[in-house]
Amino acid sequence: MNKTLTWKVVVIVAILLLFVFGIFGIPRDWSGKGLVAAVADRIHLGLDLRGGTHLILQVQVNDAVNVDSDNAVARLKEDLRKHKINYADIAKPDPVNHPETIVVKGVPPEQTSDFKNLVSERLPDYDASSGAENSFTVSMKPATTSELKNRAVQQAIETIRNRIDQLGVNEPVIQEHGLGQYQILVQLPGVDDPARVKEIMQSTAMLELKQSLGGPYSSEQQALQDHGGVLPPDAVLMPGKSIGATRDNESGESWYLITRAAAVTGRDLRTAEPTRDENGQPAVRFILTGDGGRKFYAFTSAHVGDFLAVVLDNKVQEVAVIKEGIHDTGIINGRFTEQQTQGLAMVLRSGALPASIKYLEERTVGPSLGADSIRSGVRAALAGMLAVLIFMLIYYRWAGVNADVALILNLIILLGFMGYFGAVLTLPGIAGVILTVGMGVDSNVLIFERIREELRNGKTPPSAVEQGFSHAWVTIVDTHVTTIVSAAILFIFGTGPVKGFATTLVFGLAANLFTAVFVSRVIFDWVLTRKQRGEALSI
Amino acid sequence: MEFFRNTNIDFLGKKWYFLAFSLIFSVAGIMSMLFWHHIPLGVDFRGGTLVYVKYSHTPDPGAIHADIERAGLKNARVQRYGQAANNEVLIALDIQETSEQDLSKGKDQIKEALQGPAASAHADKQDLNNTSSLALANYLLEKNPLHLDADANPRYTALAQAIVDYRDKVKSGVLGSIDGLKGVADPAVLASLNDGFFVSDFGIRNVEIVGPQVGQQLRKQAMLATLYSLAGMLVYLGFRFEWIYGVAAVLTVFHDTLITVGAFSLLNWEISLTVIAAILTLIGYSNNDTIVVFDRIRENVKLLRREKLSDIVNKSINQTLSRTILTAGLTFLTVLALFLFGGEVLHGFSLALVIGILIGTYSSIAIAAPILVAYQDWRGQRGQRAIAMPLRAGAGSGQPKEKVKA
C-alpha cells in the first residue's frame, strides 16, 4: 500500500469513528439495551413515532393592538378635557379589523392645530390626519403596530412555555410558526390529553380582587331594579359562577355589582398553589408580592365590613366579608375539582396571555400508533437495504462488496449527522433514509457501469477505474446538487413530517458524495495495488 | 452478471408512440382533475377532522356511520383501514363540521357517538379505553384505593402511566376488560377502577384536525415548494448546460408531476402532505435520470462532432440504458419495501413514488431527449447550425483528469 492510500484510509477510519460517536456518544453501558438507550439519547424521535400532541395556534394579535389603542382613547379624552379642546365623539370605528384606528369627530376648526400638537406630543406612537367635517383619524404608526403584534406573539410563546413547563412535559417545542402569520407551533411529546393542555394554555386567567357593592342578584334586570334602574358610574354588573338551581333561584344565575377599579390584580401575585379550604374543598391559595401586599392591606383595612369579590376572567368566583386588614395571602374557592385547582394555580403563576388565541390545527398521535410506525418503518428500511445490498453483491461481485461498504458507511454518516445536529427522526424521515439507500446506490451504479464500459473498450483495469470515476464524477455532482436544491426547498417550505423527510434526504445525499466517490475509490485503489499487472477486475 | 450490453435501440424513432402514450395519460389525468374526481385533497389541505379508531372486535362501518349520523354529524366518511386483523376504522369529517372556534368539537362528538350505548349503560362512569393518564391519576388520587399517604401523588401518577402504557403499548390501545389489568395493578386498585370506569369496545389511536386557514396555507406552500424547486432546477441546469437542457428537464419533470397527480385523481387517492413530499422526491429523481442522459449527450457531442444530434442522443441513451434500468430497479426495490412494510401511514407516499419512478425513468428517455432533438431540428429548419449543440466553454466534463481529486 503506498503512502497516500494509507493516509486516505486513515481519514476514512477517522470519519467513521467521528460519526459512530455521533450516533452513540459514549454509552454508559455497553449492553444491547445500553446502546439503544444511548442512540435514543442522541437521535430524537418525532411526534409521529413517539406519540404526542401537535398544535398550531393563532395569536389574535389585534387584541394587543386594541389594548394599546383603548388606552390611547382614554388618555386622549383626558388630555382634551385638560386642554379644553372640544370634540363631539371619540371612537374606534372598526376594532376587529382596524384596531389601530381612532376617529375623533367634531373638533372646532380653530382648535385643529392645538389638537394636532396635542396628539404628536401626548401620543408619539400615533399620527393624526384630518378628514371630512372637522373629524380626525388618529392611527397608530405601522412600525408600532407591527412591533406590538410581534411582541404579543413573543409574550404568548413565553407564557405558554411557562405553563407547559409546569406541566412537566419532556422536550416540548414551542416556537413561532410560518412567516409573519402570528402563529405558534406547540409540540408536546407523550402528552395524550390535548383538551387539558389547551385548557391550561388558553385560559387567560386575569385575576382581580375588587370590592363588591351588591349582590347576588338572580338576573341583570333585578340588579338594575334594586338600584333604581341606574348603576353607579364606577361599577359594573358581573356574572357569578353558576351555582346550580336552588329553591329561591330557579335559573341558577347570579349577578354582582362590582367596582371597576381593582384593589390588586394578577400582576401583584407572587405565587399560587392548590390547597383546600376550611371545608376541605379544593381551592387555590395565593400570596401577593410585597408591593401588592401593601396595596391590599391598605384596601382591606379601609373596607372592613365591606364585601370583597374574587374576580377571575370577569367572572365573580367568590364574595366574602372583609373581617380585618389582610396582608398578603388569600384563598380562592368556588366548587373546583382538584384538577381545576391545579390548573388555575398554574395559570395564575405563569401570568396572563397578552392576546387571546385560536386553534388552527390539532394532531394527536397515540403512543400505540407511534410504536407500530417505528416497527414498520424500521422493517421497511431493513428490507429495502438488504435487497439492495444483496443485489449489488450478485450483480457486481467483488465490486459489489465495495458498493455495500460505501452504502453502510453512508447510513452511519447519515445517522451520525442527525445525532450531531439533534435532528428529529420522523416516519417520513425513515422513508428519506430508505430513499437515500436507493439513490445512493445510483452513484455506485453510474461509476461501475462506466468502468465496465471502459474495460470493454480495451482499457487496463487501473485506467478504466480512473476514467470511470472521473466521467461519473461530473454527473454525480449535477444530480446531487439538483436533488439537494429540491430537498432544501422542501425543508424551507415544509412543515412537520415533510421537514423530517427533507432533513434525512439532505444529510444522506451529502454523505453519499463522500462514500460513493471517495471511499469507493480508495477501496478500488487498494484492490488494484494488490493485483498483478493485467489481472482482471471483479466487477 | 450483466443485463444489457451494447444495446442499440432507436429510441428517437419511437417518439410518436411515446408522445401518444404520454398524451393519453396526461389528458386523462387533466380530464379527471377538471371534470371527474378533481384533485382529491387530504385533510392536510382541505381542512377537516380525521379520527383513527381501533376496535376490540371486527368493526361494522355501516353501524358506526349510523351512530355518528344519529349524533347529528353530517357527511361523515367511515372506512376500514390498515390490515383487517387490526380492526381499525378511519372516520373523516369534512370542514363544515370542523369549526375554527372549537376545533376539537367534531372529535368529541365522534367519541360520544361511538360510546353512545355503552356510556348510557354505565352512567357516571368514565371510559378507561379513552381516558388520559392525567385523568386516571386524578381519579386514583381521589379514591386512594391503596390508602397511601405522603407519596400518593407520585405513586398514583406512575401507576396511571403504567396502566395507560399497558393499554397503549401492549394491548395496542384497547383493553378487553378492567380485570385484564391484573398484571399491572393491585386487586384493590382494580376494584376501585371497576367502580369508576368501564371499558368501551374502541380506543382512539390518532386524531388529525386541520382548520380551514391552515389547509389553505399548506396548499399554497405545497404549490410554492413545487414551483420553486422547478425554478431552482431550471437555473442550475441553465448554468451547467445550455438553457434548452434546463427547459427540457423542467418540461419532463412537469410531465411526470402531471401524470402522477393525474393518477391520484383518476384513482381518487387523497393527496396529503407526505404525498407532496413524494412528488418532490420524484421531481428530484426524474431530474437525476434526465441529467445522467444529458451528461452523456454533452460528452458525446464533443467526441462525435460530425454525427447528427439524433444519432448522438440515441447512442447516449443506449450507453446509459444499463445504469438507468439498474438504478430504477434498485430504487423501485426500496420503494416497494416501503409500500409493503412501511405501514398505512406511508401508503400514499410509497404509491406516489412507485408511479413516479416508473414515469420518471420513462420520461428521461421518451420526453427529455426528444425535446432536445426537436429543438435542434427546428433551429436547423431556420437555417442555423443543425449539427451538434453549441456548448458553453468549460461547462462540460471533457478533461476528466482535472476534475477528480484522486
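Two residues count as in contact here if their C-beta atoms, placed from the backbone, lie within 7 Å. Keep that in mind as you explore this predicted model.

**Stop 1: where the chains meet**

Select chain A and chain B together. The contact between them takes 71 residues from chain A and 72 residues from chain B. To see what chain A brings, highlight α7 (194-202), α10 (338-350), β18 (357-365), α11 (367-421), α12 (427-456), α13 and α14 (496-530) of chain A; each of these elements gives two or more residues to the side that touches chain B. Which element supplies the largest share of that side? Colour α13(A), and you have found the answer: 18 residues come from there. Now try colouring the chain A side by residue type: 38 of its residues are nonpolar, 19 polar and 14 charged.

**Stop 2: helix α13 of chain A**

Stay with α13(A) and select residues 461-493. This helix has 33 residues and spans 47 Å from its first C-alpha to its last, close to the 48 Å expected at 1.5 Å a residue. Look along the helix for W473(A), where α13(A) bends by about 30°.

**Stop 3: a sheet with strands from both chains**

Next, show the eight strands of an open sheet in the order β7(A)-β8(A)-β2(A)-β18(A)-β6(B)-β1(B)-β3(B)-β2(B), paired antiparallel. Its edge strands are β7 (173-177) of chain A and β2 (77-81) of chain B, each pairing on one side only. On average, neighbouring strands here are turned by 20° against each other, direction ignored.

Zoom in on β18(A) and β6(B), which pair in the antiparallel sense over five bridges. Pick R363(A): its bridge partner in β6(B) is E208(B). Then click on L50(B), which also stands opposite E208(B) in β6(B). Strand β1 (residues 48-55) of chain B and strand β6 (residues 202-210) of chain B run antiparallel, joined by eight bridges.

**Stop 4: a sheet in chain A**

Finally, select the open sheet of four strands ordered β3-β4-β6-β5 (chain A), again with antiparallel pairing. At its edges are β3 (89-91) and β5 (126-130) of chain A. Inspect β4 (residues 101-105) and β6 (residues 136-140) of chain A, which pair over four bridges; V104(A) has F136(A) as its bridge partner in β6(A). Helix α5 (residues 112-122) of chain A packs on this sheet, touching β5 and β6 of chain A.

Note on methods
Residues are numbered from 1 along each chain as its sequence is written. Chains are lettered from A and ligands numbered from 1 in the order in which they are written. This is a predicted model: local features need pLDDT of at least 70, side-chain atom pairs count only at pLDDT 80 or more; totals for chains, interfaces and linings use all residues. Two strands pair if DSSP finds at least two bridges between them. Axes are lines fitted to C-alpha atoms, for helices over the stretch in contact, and angles run from 0 to 180 degrees between N-to-C directions. The expected span of a helix is 1.5 Å times one less than its number of residues. The bend at a residue is the angle between axes fitted to the seven residues ending there and the seven starting there. Ala, Val, Leu, Ile, Met, Phe, Trp, Tyr, Cys and Pro count as nonpolar, Asp, Glu, Lys and Arg as charged, and the others, Gly among them, as polar.
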